[in-house]
Amino acid sequence: MYLADYHVHSRVSPDASASMTELAEAAIRLGFQELCFTDHVEPIRFGTTEPRESYDWAPMLAEFRAAQAAVGDRITLRLGAELGDAVWGIDRMERMLAQAPALDFCIGSIHTLSEKMDGRDLYFLTPRDEAETQACLADYLGQVKKLAEWGRFQVLGHLTLPLRYLNENRGMHVTFDGFEPEMEEIFRIIIPKGIGIELNTNRGNTPLPDGKWLRMYRGLGGEIVTLGTDAHAPEAVGCAVREGQALLRESGFRRFCTFRGGKPQWHDL
């Protein structure tokens with residue numbers, strides 16, 4: 001079994017505190033063969049919708065080189081980024097990427113609702129009733145669709161992310177049932193482009209997305225899929241990746257991807 005965690009945040013991200021070296025050492029202890037760092041890069045300032053005009057890639061590159069030196073050939077390390085909320089400033093994001101070092105992998109993700117919904121951060125989302133909940137989910141998928149149409153990344157990250165905050169943090173019982181047409185439209189946009197999806201193991205909680213949406217993606221011809229924990233600390237690295245591989249097999253997949261230089265590297269499940 002090839003073990004790789006393709007969604008990990010170091011202290012380069014504003015919401016994490018561990019070094020890349022500490023995260024890599026955690027993955028080595030768990031017997032992982034590969035780890036990709038995917039720190040946050042957004043065209044808005046983290047936690048707001050205030051425009052951000054540039055991104056300093058030097059700290060990320062310095063952390064990565066230090067981790068490579070520390071772990072040697074004990075694990076394969078890849079340098080990636082989570083491109084969050086690009087739809088809030090595609091031109092700015094494009095300029096940031098033009099200044100980036102060579103990246104192996106990029107996740108495209110949405111954490112913020114549209115301007116119509118006041119740019120509400122999903123982390124703090126607290127709908128008042130069912131109608132507002134459905135409106136928020138619809139708006140979120142609209143943002144994801146715009147992101148998919150842009151498409152400057154390898155996989156869509158944690159496609160059903162609102163469920164993490166609404167269900168796990170707010171104690172709600174929300175699903176994306178009823179949004180099958182919107183989900184299918186997103187998949188039909190990305191699949192011909194060679195863009196995949198992430199199975200985010202959600203640090204052992206409900207997978208994002210779960211089996212229903214994985215099967216839909218696979219049934220429409222989607223094959224590119226990565227596994228990532230969204231770890232923000234060493235103790236979460238690798239969490240539920242083995243279970244995620246089992247879920248992929250149950251959902252009709254026979255292989256999954258890691259990436260090198262933006263190109264998929266295939267591994268049997």
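1. Let's start with Cys-239: it counts as partly exposed, with a relative accessibility of 26%. Keep in mind that this is a predicted model. Does Cys-239 sit close to or too far from another cysteine for a bond? Too far: the closest cysteine sulfur belongs to Cys-36, and the gap is 18 Å.

2. Cys-106 is a buried one, at 8% relative accessibility. Its closest cysteine sulfur is also in Cys-36, this time 8.6 Å away, and that is too far for a bond. A pair of sulfurs has to be within 2.5 Å to count as a disulfide. So what's the total for the structure? It holds 0 disulfides. If the word is new to you, a disulfide is a covalent bond between the sulfur atoms of two cysteines.

3. Now have a look at Thr-229, in the loop that runs between strand E7 (225-228) and helix H8 (241-250). Thr-229 is buried, with 0% relative accessible area. A polar atom of its side chain lies 3.1 Å from the backbone nitrogen of Ala-231. Setting aside neighbours within four places in sequence, Thr-229 is in contact with a list of residues including Asp-5, His-7, Asn-200, Arg-203 and Val-241. Cys-239 from point 1 is on that list too.

4. Last stop: Asp-85, in the loop between strand E3 (76-84) and helix H3 (90-98).

Note on methods
Residues are numbered from 1 along each chain as its sequence is written. This is a predicted model: local features need pLDDT of at least 70, side-chain atom pairs count only at pLDDT 80 or more; totals for chains, interfaces and linings use all residues. Side-chain values use heavy atoms; hydrogens and water are left out. Buried means under 20% relative accessible area, exposed over 50%, partly exposed in between (1.4 Å probe, protein chains only). Helices (H or I, at least four residues) and strands (E, at least two) are DSSP runs, numbered from the N terminus. A polar contact is a pair of N or O atoms within 3.5 Å; within protein, one must be able to donate a hydrogen and the other to accept it, and residues adjacent in sequence count only if both atoms are side-chain atoms. Contact means heavy atoms within 4.5 Å.
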